[in-house]
Amino acid sequence: MQAVRDLVDALHHARPEDLPTVASRVARALGAHDIELYLVDYGQLELLPLPRETGGLGDPVRIDGTLAGRAYTTGEPVRIGDDNGDERIWMPVISGADRLGVLAAHLGPGPDLDHELRILAAAFAGIVATRRTYGDALERTRRRLPMQLAAEIIWNQLPPLTFATPDAAVAAVLEPCYDVGGDAFDYAINESVLHVAVFDAVGHGIAASALTSLAISAYRNARRCGLDLADTYRSVDKWVHAQYPADYVTAVLGELDVTTGVYRKISAGHPEELLLRGGRLVRTLTAPTALPLGLGYLGDPTPVVVDEHLEPGDALLLYTDGVVEARIDGGEQFGVERLVDCVTRALADQLHPAETMRRLVRTLLTRQQDQLQDDATALLLSWTPRGDRA
């Protein structure tokens with residue numbers, strides 16, 4: 001507890017770049033040799049250490065095939081000892097359900113500090129989640145490559161990649177993470193309704209990201225005004241057409257009642273969601289049910305809202321066309337069949353939704369030699385009501 005008090009006291013006026021110094025101070029209070037904070041990069045390939053004021057900097061650690069990566073992907077601490085009796089513990093740093101990185105604690109012989117390190121990891125998670133907007137040190141650490149302005153605009157609009165309630169979870173991925181333009185996602189929980197949306201604006205670059213930003217803002221505005229799904233569609237459609245009369249945005253606007261499992265959606269010119277049950281594809285949902293956002297004036301002013309009754313354990317996969325239209329070996333498209341196979345394999349391994357989506361995007365990029373022709377976004381929405389858990 002003294003270490004926690006030291007941490008809280010030190011952070012009243014701490015800058016983001018002061019976190020390594022604070023971690024060293026906490027290590028001394030615990031009797032540890034050192035504690036180092038690693039943040040995950042945007043592509044979820046590596047864990048990158050925060051630089052120290054002394055100039056000392058550890059090496060980046062690959063997520064796949066390392067002990068630190070195992071802690072990150074499983075959400076459980078991993079330890080390794082040496083011949084001198086010293087021990088290194090990799091402790092996951094998670095804010096809610098959002099995986100931020102890991103703590104690396106170097107300990108000498110002595111009492112078990114697992115409980116204390118879990119508390120510290122949770123404290124650092126809250127600090128990173130709240131302090132990263134106060135300076136650029138944390139953002140610089142997370143970037144393996146320069147981020148293009150169009151991508152900067154989009155990432156500044158997005159919620160965390162992962163979110164969970166006791167009854168449902170959302171996990172999303174967005175690529176190419178340093179050069180994305182027109183794709184985006186959003187979600188929010190209001191009482192028993194979990195709102196989810198995926199957007200794909202026409203075009204590329206800054207023009208597309210500006211259009212997508214307008215669509216997200218209009219969507220949030222409608223949602224926060226308490227509009228129902230149909231009126232939300234009409235409001236976003238109106239604003240997109242008013243500001244960008246020559247362009248449009250395809251989207252899925254969905255609402256999941258986490259108590260009943262009823263999923264209601266409007267598919268605005270967007271690819272169909274995939275309903276997964278028991279580790280396999282059950283069916284695709286009806287799509288589209290309305291014209292793309294910005295083109296609603298051309299059709300029926302009342303969009304069709306489709307209801308789907310989910311069963312406990314069901315998952316819905318929402319995605320943009322850049323996922324399935326990505327060209328792989330020989331110019332063949334990645335396709336829905338490969339997309340389903342990749343996700344169902346991960347679900348069969350009982351991976352966390354966030355890790356399922358990380359593996360999906362790694363597979364997609366590997367098959368494309370890390371060169372996507374278009375933005376690719378996917379969101380996994382799973383429903384596991386508390387009363388139906390084993």
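Gln 44 counts as buried because its relative accessibility is 8% (buried is under 20% relative accessible area, exposed over 50%, partly exposed in between, with a 1.4 Å probe and protein chains only). Gln 44 sits in the loop between β1 and β2. Its phi is near 55 degrees, a positive value in a residue other than glycine.

This is a predicted model, in which local features need pLDDT of at least 70, side-chain atom pairs count only at pLDDT 80 or more, and totals for chains, interfaces and linings use all residues. Residues are numbered from 1 along each chain as its sequence is written, and side-chain values use heavy atoms, with hydrogens and water left out. Helices (H or I, at least four residues) and strands (E, at least two) are DSSP runs, numbered from the N terminus.

**Backbone exceptions**

- Most residues other than glycine have a negative phi, and most peptide bonds are trans.
- Glu 191 is not a glycine, yet has a positive phi of about 55 degrees.
- Glu 191 lies in the loop between β9 and β10 (193–201).
- Glu 191 is exposed, with a relative accessible area of 82%.
- Glu 175 and Pro 176 are joined by a cis peptide bond, with omega about -5 degrees.
- Pro 176 belongs to the loop between β8 (168–175) and β9 (183–190).
- A cis peptide bond also links Ala 287 and Pro 288, with omega about -10 degrees.
- Pro 288 is placed in the loop between β14 (280–284) and β15 (306–309).

**The six-stranded sheet**

- Six strands form an open sheet in the order β3-β2-β1-β6-β5-β4, with antiparallel pairing (two strands pair if DSSP finds at least two bridges between them).
- β3 (61–62) and β4 (78–81) are the edge strands; each has a single partner strand, so one side of each has no neighbour in the sheet.
- β4 pairs with β5 (residues 87–95) in the antiparallel sense, over four bridges.
- Gly 81 stands opposite Glu 87 in β5.
- Helix α3 (residues 67–74) packs on the sheet and touches β1 (34–40), β2 (46–49), β3, β4, β5 and β6 (contact means heavy atoms within 4.5 Å).
- The direction of α3 makes about 140 degrees with that of β6.

**Gly 101 in β6**

- Gly 101 lies in strand β6 (residues 98–107).
- Gly 101 counts as buried, at 2% relative accessibility.
- Leaving aside neighbours within four places in sequence, Gly 101 is in contact with Tyr 38, Leu 39, Val 40, Leu 47, Tyr 72, Met 91, Pro 92 and Val 93.
- Gly 101 and Pro 20 are 81 residues apart in sequence and 14 Å apart in space, C-alpha to C-alpha.

**Helix α2 against helix α4**

- Two packed helices are described by the angle and the distance between their axes.
- The axes of α2 (residues 19–30) and α4 (residues 114–131) come within 12 Å and cross at roughly 165 degrees (axes are lines fitted to C-alpha atoms, for helices over the stretch in contact, and angles run from 0 to 180 degrees between N-to-C directions).
- That makes α2 roughly antiparallel to α4 (under 35 degrees is roughly parallel, over 145 roughly antiparallel, 65 to 115 roughly perpendicular, and the rest oblique).
- Leu 19, Ala 23, Val 26 and Leu 30 in α2 meet Glu 116, Leu 117, Leu 120, Phe 124, Ile 127 and Val 128 in α4.
- By class, this contact has nine nonpolar, no polar and one charged residues (Ala, Val, Leu, Ile, Met, Phe, Trp, Tyr, Cys and Pro count as nonpolar, Asp, Glu, Lys and Arg as charged, and the others, Gly among them, as polar).
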